[in-house]
Amino acid sequence: MEKLYRLATAVAAVSMGFANAQLAQVDNDTMPTSMFMTRPQSLAPVLNITHSGDFSQGYIFIGPYQHPGAGPYIFDKFGNLVWDGFGITGSTNAHDFKVCQYRGKPHLCFSQMNQRNGYGVGQGLIIDSSYRVVASVQTGRDAMPADMHEMNVIDDDDNPTAILTSYRAIPYDLSGYNITTGMGWLSEGMFQEIDIQSGEVLFEWYSSEHVDPSDSQVLPDTADISGDGLKRTTAWDYYHINSIDKSKRTGNYLVSARHVSSIYYVNATDQSIIWTLSYQGRSDFECTNFNFSYQHDARIVSENDTHTEFTFFDNASNCYNQTDQESSGRFITIDHETKKATQTRRVLPPGSISSCSQGNTQLLENGNVFQGWGDKSWISEHDADDNLVLAAHFTRGDAVTAMNYRAFSFGWESTPANTKPAVYSYARTKDGANQIHVSWNGATTVATWTFYAAQEIGQEFKKIGSTGHRGFETIWSAPEYYAWIMVEAVAWDGNSLGNSSFQPTFVPSSVLVDHCDESGCQAATTFGPMAI
């Protein structure tokens, strides 16, 4: 795996400018999308690398939404598209898109969601290394459908489970919040741990049974996603659950909730809250050298009898109130004996970013930190000394609606078993030479492309050349014109990975040829005179 990634990144580094030249703004200036002749209907976002240094091995995993090409995507760290997952979720969004272990092997996991105001309605999906759906997981019992905020697969070779969040509106007496003309509605957060194969609910927890609405830092009708509490469709989202992590040591759950600006440690046996950490509300620990609010993505790093270390993404703002001028990733150690919580590391954004919603902090194996900046559509990586080693974004300007819930970096290897390389062949005239475009969506194991050609079907296809894999779509110039093209994908060890189908060469007509050059034809902009 390491050798494959080093080869791919070495080639990508040489061809970074080449790959970027293939990108076109077919949408608008604020949300540019990709253009590839072998995948012309792709609306993959353009990942613009603004800073590049000694980043770690691995690919980038994002799931943009409120974007023309909403869906899951994999990029390399030079900004080249690797996998375009648009369409795998149908007309829904893909959130929390990442590599997970399922039955002992790497898979891709994400939440397939219909978007609502501040949450989602859908299910969790697991796909294999050929990008085929192999499992889905839904909430059980009387719960509402799964929400976008967590799809946490816990691998057990015999009984893998998944933790899903969900939101539920319940009738509630909100007279203490000036809703006195009738019954109010409260939106509570919940989570379940579910056996993926059987669908059995192994554990569930509802916020209204353990956290009083008076703990909320966001009152009814005071924020864009708070809800006003007047109707079931606008229930007051007092809690806003947004991450669940399960302790490998104790089996208990670390729960983050945005609207109470609190992190909870929940007992897996009796559902009770063992401890709470908050800067603004009730807390079992003193925050000695930090503050935080409206946080996301709390993850356990280590535990023992006296200390717990964990990370979270501190938004520090919900766009209405804030505790800091910029968001950050925080590393916290709590001392259960002294009842003090201490910040041991803080990872700041590339530039001064204040993320009002979403975001995550991922600790990598080498000590680097990878962060998604939520509604600001930035991603970044920082080394063990917190130096910025990678920064990128996929939108431009401030008035942009496109967002990305979480961003991750993982190793990934795929030779798709059920697809082939895609080929587009072009020649301006039959007296010229072919420009051949080739790609294989999602393939990470291709080192070189070998080209074969014939003048007509039925003839033997002869080898006409080869070139290294460059970016998502490689372009190669043939020595002369050929009517039919086939391309073979070759691995770093020289083994064949698969062939494309036979593809005819497109040659423009005499009417069109004046609008074309040796590399291709310009896009039509209007209707012209009728060709005779």
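Me: At its relative accessibility, does N368 count as buried or exposed?
Reply: In this predicted model, the relative accessibility of N368 comes to 5%. A residue is called buried when that figure is under 20% and exposed when it is over 50%. The value for N368 is 5%, and therefore N368 counts as buried.

Me: Which residue's side chain makes a polar contact with the side chain of N368?
Reply: N368 sits in the loop between β24 (360–363) and β25 (369–372). Leaving aside neighbours within four places in sequence, its contacts include D54, S56, H382 and V389, and E381 is also among them. The polar contact between side chains, at 2.8 Å, joins N368 to E381.

Me: What distance separates the C-alpha atoms of N368 and V389?
Reply: V389 is one of the residues in contact with N368, although the two are 21 residues apart along the chain.

Me: Which residue in β27 is the bridge partner of I49?
Reply: One of the residues involved is I49, whose bridge partner in β27 is A392.

Me: Which residue in the turn between β15 and β16 has a positive phi?
Reply: Strand β15 (residues 241–246) is mostly covered, with five of its six residues buried. It pairs with strand β16 (residues 253–257) in the antiparallel sense over five bridges, and D245 has L254 as its bridge partner in β16. The two strands form a hairpin with six residues between them, and the turn residue with a positive phi, of about 80°, is G251.

Me: What area is buried between domain 1 and domain 2?
Reply: The protein chain is divided into domain 1 (48–410) and domain 2 (422–521), and their C-alpha centres lie 44 Å apart. The contact takes seven residues from domain 1 and six residues from domain 2. Carbon and sulfur atoms give 54% of the buried area, which is about 530 Å².

Notes:
Residues numbered from 1 in each chain as written. Predicted model: local features only at pLDDT ≥ 70, side-chain atom pairs only at ≥ 80, totals over all residues. Heavy atoms only, no water. Helix = DSSP H or I, 4+ residues; strand = E, 2+ residues; numbered from the N terminus. Buried < 20%, exposed > 50% of the residue type's maximum accessible area, 1.4 Å probe, protein only. Contact = heavy atoms within 4.5 Å. Polar contact = N/O pair within 3.5 Å; in protein donor to acceptor, adjacent residues only side chain to side chain. Pairing = 2+ DSSP bridges. Domains from an automatic or database assignment. Buried area = accessible area lost by both parts, 1.4 Å probe.
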